[in-house]
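Subject: Structure for you to look at

Hello,

Please find the structure below, with the sequence alongside. My notes on what was found in it follow.

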Amino acid sequence: MIRFRNFILILIILTSYLPFIIYGGFGSGDDLVFVKRSLNNPDFTDWVNDMLFSDAAARPLSSIFLILTHYLFKDYSSLYIISGIFTWLLSVLTMSIILKNYFDNTSVYIFFLLASFPVFATSIFSNPYLFTQYIIPILFWSLSLLCLLYHKFGKNFIYYFSGWFLLILSLLSLSYILPLLLITSFLPVIDKNNPNKLYQNNSLLFLIFKYTVPVLIISLLFLFFKVYLVKFYFPDYNIYGLSPINMKSLLQSLYFYWTILIEVPIMLLQVIPHMMKW
């Protein structure tokens, strides 16, 4: 039964994404700007410096990934698309492994199938290069959480330090994963599904000190880097995400909550009953 479900999942993903890989192309964003520059064979170091001393200064890692992919892939759009799909599916797989500790297999399969097709954020695929900006941070974050949970489940300290290192990489890729740090802060603390007797006997204060406090320290250091340190070496930097509040920003916020609280649940209510049948 498990092998059959895995086969069905793989078949659905392949049949859905294969036409996009074959016939898809570059989007309407900045794709062609970067592709055009890559075809001129620019110096890699100069290109990196241009990005690091720009409005992308607070996300140095994603800028390096962006330049590296264009430097290697040139104008072969299928390579960008395949890389983006693979990175996203790897992120979903990592989160599915985490969820297996808390939910039954059917729920995890449903999550994997729905999350494999991010209909709520299709721009990461319609502009193939955006996987370097928006998917890689999610991959780093999910891997960091998995490492921290592995350590709590009895693995050695390599997983513990790897988890924090990957979390730093995710923030240096793009800071939009900051809300997800709430999960990193509290899931290892409140998780009772733990076979490791050492952690079953540890006090709540110890767990907070070991998992919540490091997240707080890393977050504060990153905010200091983004707000103050970046301006020190690039004075013209404008802090993205801290623009003045106006009617447009309020309407955008309201639509975000409408989508998450109303539209997505309605979609799931229509889809999940049919998925439970197989």
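Ile266 sits in helix α13, which covers residues 247–275. The model is a predicted one, so please read all that follows with that in mind. Is Ile266 buried, exposed or partly exposed? Its relative accessibility is 45%, so Ile266 counts as partly exposed. Ile266 also belongs to a nonpolar surface patch of about 870 Å².

Next, the chain as a whole. The chain has 278 residues, and 43% of them are buried. Its accessible surface comes to about 16,400 Å². Carbon and sulfur atoms account for 72% of that surface. Among contacts between residues at least 6 apart in sequence, 74% join residues that are at least 24 apart.

Which residues of α2 (residues 31–39) are buried? They are Asp31, Phe34, Val35 and Ser38. Viewed down the axis of α2, these buried residues fall within an arc of 100 degrees, so they line one face of the helix. On the face of α2 turned away from the buried side are the exposed residues Leu32, Val33 and Lys36. Just after α2 comes Asn41, which takes a positive phi of about 50 degrees.

How many salt bridges does the structure hold? It holds one. The side chains of Arg37 and Asp50 meet in this salt bridge, at 2.6 Å from N to O. Arg37 lies in helix α2 and Asp50 in helix α3, so the pair ties together parts that are 13 residues apart in sequence. Arg37 is partly exposed, with a relative accessible area of 31%. Asp50 is partly exposed as well, at 41% relative accessibility.

Regards

How values were computed. Residues are numbered from 1 along each chain as its sequence is written. This is a predicted model: local features need pLDDT of at least 70, side-chain atom pairs count only at pLDDT 80 or more; totals for chains, interfaces and linings use all residues. Side-chain values use heavy atoms; hydrogens and water are left out. Patches are made of residues with over 30% relative accessible area and no salt bridge: like charges are joined within 9 Å, nonpolar side chains (Val, Leu, Ile, Met, Phe, Trp, Tyr) within 5 Å. Accessible areas come from the Shrake-Rupley method with a 1.4 Å probe; for residues, only the protein chains shown count as cover. A salt bridge is a side-chain nitrogen of Lys or Arg within 4 Å of a carboxyl oxygen of Asp or Glu. Helices (H or I, at least four residues) and strands (E, at least two) are DSSP runs, numbered from the N terminus. Buried means under 20% relative accessible area, exposed over 50%, partly exposed in between (1.4 Å probe, protein chains only). The arc is that of the directions from the helix axis to the C-beta atoms. Contact means heavy atoms within 4.5 Å.
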